[in-house]
Amino acid sequence: MAAAHLFLGAVCGACGGPGWGTCSACATEISSVVPHPLRRPGVEFPLVAANDYRPHLEKLVPMFKDDGALQLAPLLSRRLAVATWCLDVSASTCLVPVPSLADAVRRRGADHGAMLAASAARHLGLRWRAQLTREIRGLDQRSLSAAGRQLNVHNTMRARRLTGAVVIVDDVCTTGASLAEAARALEAAGAIVLGGAVIGDADRRPNTPRTEIHPGRSRS
């Protein structure tokens, strides 16, 4: 019964109360958070997260990607758009999603990263392109350190030729290894990486001071 309720969207995935995907209180709480910059070893470009991954997104993102809760796409894509806007993108900027493995896309029945990138691009009036592909190689990332993840994903992505400015987008950033590899592949293909934007910061510790970024403001 609980699974049916989640599938139908009758229960808020964040708090368990009544709601279509999320209840209005949780949606408001998620949407009111001011984005913050991230720092990750090996990521040499500006990186912004819309929200902390915990406590809400650690429930909502897996529901969206693995449980077919597509009604969460509008909320998640708006948060991705807000994080992207904090990078002061121009009208010619192209959003490029970090690619999922092909078998994951087949198993889930949709490319959720592409879905979020396309929707965020529409919110911002920008282009998006699925320029990157990913090879099946390496170990399970969950068992690796940050340095191990960097080595594990190195040279696993390929990009089709693309010139001009791009922002790399993804749902969650943990160590930043996938974002760094995406940037390497895109730059090798001729793109200029302006920065990266994610919905959730999975590595921020409780009570860590937060530096906020307000959309539309220039940053040093």
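Which side chain of opposite charge is nearest to aspartate 170, a residue that is buried yet has no salt bridge? The answer is lysine 65, 5.9 Å away. Buried here means under 20% relative accessible area, with exposed over 50% and partly exposed in between (1.4 Å probe, protein chains only). A salt bridge needs a side-chain nitrogen of Lys or Arg within 4 Å of a carboxyl oxygen of Asp or Glu. For charge, Lys and Arg count as positive and Asp and Glu as negative, while His and the chain ends are not counted.

A word on the model before we go on. It is predicted, so local features need pLDDT of at least 70 and side-chain atom pairs count only at pLDDT 80 or more, whereas totals for chains, interfaces and linings use all residues. Residues are numbered from 1 along each chain as its sequence is written, and side-chain values use heavy atoms, with hydrogens and water left out.

Aspartate 170 sits in strand β7 (residues 164-173); helices (H or I, at least four residues) and strands (E, at least two) are DSSP runs, numbered from the N terminus. Leaving aside neighbours within four places in sequence, aspartate 170 is in contact (heavy atoms within 4.5 Å) with Leu80, Val98, Leu179, Ala197, Val198 and Ile199.

Aspartate 201 belongs to strand β8 (residues 191-201), and it counts as buried at 5% relative accessibility. Its side chain makes a polar contact with the side chain of arginine 40, at 2.6 Å. Such a contact is a pair of N or O atoms within 3.5 Å; within protein, one must be able to donate a hydrogen and the other to accept it, and residues adjacent in sequence count only if both atoms are side-chain atoms. Not counting residues up to four places away in sequence, aspartate 201 also touches others, including His36, Tyr53 and Cys173. Aspartate 201 and cysteine 173 are 28 residues apart in sequence, yet their C-alpha atoms are 5.3 Å apart in space.

In the loop between β2 (47-52) and α3 you will find proline 55, joined to arginine 54 by a cis peptide bond with omega of about 10°. Helix α3 itself (residues 57-66) has Leu57, Leu60, Val61, Met63 and Phe64 as its buried residues. These lie on the same side of α3, because they cover an arc of only 160° around the axis, taken from the directions from the helix axis to the C-beta atoms. An α-helix has 3.6 residues a turn, so residues three or four places apart point the same way. After α3 comes glycine 68, with a positive phi near 75°.

**Cysteines**

How many disulfides are there? The count comes to zero, a disulfide being a pair of cysteine sulfur atoms within 2.5 Å. For cysteine 15, the nearest cysteine sulfur is that of cysteine 12, 3.7 Å away. Cysteine 26 has its closest cysteine sulfur in cysteine 23, at 3.5 Å, which is too far for a bond. Cysteine 15 is partly exposed, with a relative accessible area of 48%, whereas cysteine 26 counts as buried at 5% relative accessibility.
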